[in-house]
Amino acid sequence: MQSPVSSVYRLPAPLAQVLGHLPRYPGSVLFVTGLNLMLARHLHPDTLHMLESRSLRIHVADAQIRFDYTWRNHAFQAARHAETEPDLTIRADAVDFYRLLQRAEDPDTLFFSRRLVIEGDTELGLMVKNTLDSIDMAVFHPRAVVRDVLGGLRQRLGRVMPVARV
């Protein structure tokens, strides 16, 4: 049985059908770009070591979209898991992912109410969950995001860019 929050805020079926027809790979490229610019620098080296070459998928169930990715060569990279199942799939509706990011909902509560589904390598799933739980939400404050994005761009361009004061 779904919770009232999840069922009330599901994406409309026509929108989900359109989103479900979008090719996965370009969306995965955009997704990992965001992960690399905003999240990667905040992850512990031990976590990154455990993620090395593991195939991961975020499945936004009500939107019918999937983001396939891996951690390889010191960066998240888009992947194509078409032929095989990834090592770990995390599935929820868009509103539940949003509530997780806002820390308005506890992952354990969502998991035990079957609104958050983790399939595949249980140890890897627990490590990912604990890692995300441990991240200080201040890194997602708009000023911190702008600072991290500019810092990431500066690193990728390989030259020093002035950092705007925000």
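**Exercise 1. Is aspartate 87 buried, partly exposed or exposed, and what is its relative accessible area?**

Solution. Keep in mind as you work that this is a predicted model.

Step 1: Aspartate 87 has a relative accessible area of 27%. Step 2: partly exposed runs between the 20% limit for buried and the 50% limit for exposed. Step 3: aspartate 87 is therefore partly exposed, since its value lies between those limits.

**Exercise 2. Find the salt-bridge partner of aspartate 87, and say where the two residues sit.**

Solution. Step 1: the partner is arginine 54, with 3.1 Å between the closest N and O atoms. Aspartate 87 belongs to the loop between β3 and β4, while arginine 54 belongs to the loop between α4 and β1. Step 3: the two are 33 residues apart, so this pair links distant parts of the chain. Step 4: arginine 54 is partly exposed too, at 22% relative accessible area.

**Exercise 3. Describe the salt bridge between arginine 91 and glutamate 119.**

Solution. Step 1: the N to O distance is 3.4 Å. Step 2: arginine 91 lies in strand β4 and glutamate 119 in strand β5 (residues 116-120), a separation of 28 residues. Step 3: check the accessibility of each partner. Arginine 91 comes out at 24%, partly exposed, and glutamate 119 is partly exposed at 36%.

**Exercise 4. Work out whether the partners in the aspartate 96 and arginine 115 salt bridge are buried or exposed, and which network they belong to.**

Solution. Step 1: these side chains meet at 2.6 Å, N to O. Step 2: aspartate 96 is in helix α5, and arginine 115 is in the loop between α6 (107-112) and β5, 19 residues away. Step 3: aspartate 96 has a relative accessible area of 0% and is buried; arginine 115, at 8%, also counts as buried. Step 4: follow the shared partners. Asp96, Arg99, Glu105 and Arg115 are joined into one network of salt bridges. The whole model has 10 salt bridges.

**Exercise 5. Identify the residues that touch the most other members of the largest nonpolar core, then trace the contacts of leucine 51.**

Solution. Step 1: this core has 28 residues, and Leu51 and Phe76 touch the most other members. Step 2: among the elements giving two or more residues to the core are α3 (24-39), β2 (65-72) and α7 (122-134). Step 3: set aside neighbours within four places in sequence. Leucine 51 then contacts Leu56, Trp71, Phe76, Leu124, Met127 and Val128. Step 4: for background, nonpolar side chains tend to be buried together in soluble globular proteins.

Conventions: Residues numbered from 1 in each chain as written. Predicted model: local features only at pLDDT ≥ 70, side-chain atom pairs only at ≥ 80, totals over all residues. Heavy atoms only, no water. Core = buried A, V, L, I, M, F, W, Y, C linked by side-chain atoms within 4.5 Å. Buried < 20%, exposed > 50% of the residue type's maximum accessible area, 1.4 Å probe, protein only. Helix = DSSP H or I, 4+ residues; strand = E, 2+ residues; numbered from the N terminus. Contact = heavy atoms within 4.5 Å. Salt bridge = Lys/Arg side-chain N within 4 Å of Asp/Glu carboxyl O.
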